[in-house]
Amino acid sequence: MPRYIAEKLFTAPSTIVRLCQKIGFQGYNQFREAYLQEQVYLSKHFDHLDPNNPFDFQDKSMVIANKMGALYHEIIEDVLALLDHDHLQSAIRLLEEADFIYIFSLGVQLDIA
């Protein structure tokens with residue numbers, strides 16, 4: 001399969017493998033497995049909305065508001081499903097032990113920061 005992708009991208013198969021390694025995978029096969037798992041995950045979440053393009057041009061304001069609510073609901077469920085107790089406790093401990101904590105924000109999230 002790296003050959004097929006390399007052919008479509010006008011590059012060498014070894015470049016595809018090196019790219020996979022550069023982004024943290026052992027090789028193309030490990031990348032492909034992670035990609036397929038992500039596709040399965042995405043097909044099970046965001047059932048009625050495309051998170052990359054949730055709105056249509058003709059959507060009315062209440063439709064947009066409902067889609068935003070559904071999207072945020074999906075995101076919160078997703079985060080909670082991925083949350084691991086031990087990692088969370090480790091992060092809390094690091095924050096408690098830190099001498100300084102810098103928080104950067106811009107736009108509407110500035111007040112939250």
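Which residues make a nonpolar surface patch of about 440 Å²?

**Before you click**

What you have open is a predicted model, where local features need pLDDT of at least 70 and side-chain atom pairs count only at pLDDT 80 or more, while totals for chains, interfaces and linings use all residues. Residues are numbered from 1 along each chain as its sequence is written, and side-chain values use heavy atoms, with hydrogens and water left out.

The protein averages 88, and 96% of the residues score at least 70. Now pick out the elements; helices here are DSSP runs of H or I, at least four residues long, and strands are runs of E, at least two, all numbered from the N terminus.

**Stop 1: the nonpolar patch**

Select Ile76, Leu80, Leu83, Leu88 and Ile92: there is the patch from the opening question. Patch members have over 30% relative accessible area and no salt bridge (a Lys or Arg side-chain nitrogen within 4 Å of a carboxyl oxygen of Asp or Glu), with nonpolar side chains (Val, Leu, Ile, Met, Phe, Trp, Tyr) joined within 5 Å and like charges within 9 Å. The areas come from the Shrake-Rupley method with a 1.4 Å probe, and for residues only the protein chains shown count as cover.

Helix 4 and helix 5 each supply at least two of the patch residues. Zoom in on Ile76, in helix 4: its relative accessible area is 51%, so it is exposed (over 50%; buried is under 20%, partly exposed in between, with a 1.4 Å probe and protein chains only). Over in helix 5, Leu88 is partly exposed at 36%.

Next, draw a line from Ile76 to Glu38. They sit 38 residues apart in sequence and 18 Å apart in space, C-alpha to C-alpha.

**Stop 2: a lysine in helix 4**

Stay in helix 4 and select Lys67. Is Lys67 buried or exposed? Buried, because its relative accessible area is 17%. Show Pro54 too: its backbone oxygen lies 3.2 Å from a polar atom of the Lys67 side chain.

**Stop 3: aromatic rings**

Rings of Phe, Tyr and Trp (its six-membered ring) pair if their centres lie within 6.5 Å; planes under 30 degrees apart are stacked, over 60 edge-to-face, and the rest tilted. That rule gives four aromatic pairs. One of them is Phe31 with Tyr35, stacked at 6.3 Å centre to centre and 25 degrees between the planes. Both lie in helix 3 (residues 28-44), four residues apart, about one turn of the helix. Phe31 is partly exposed at 27% relative accessibility, and so is Tyr35, at 43%.

Jump to Phe100 and Tyr102 for a stacked pair with centres 6.2 Å apart and planes at 20 degrees. Phe100 is exposed, at 64%, and Tyr102 is exposed at 64% too.

**Last stop: Phe10**

Finish in the loop between helix 1 (2-9) and helix 2 (13-22), where you'll find Phe10. Most residues other than glycine have a negative phi. Phe10 has a positive phi of about 55 degrees, although it is not a glycine. With 79% relative accessible area, Phe10 is exposed.

Conventions
pLDDT is the predictor's confidence in each residue, from 0 to 100. A polar contact is a pair of N or O atoms within 3.5 Å; within protein, one must be able to donate a hydrogen and the other to accept it, and residues adjacent in sequence count only if both atoms are side-chain atoms.
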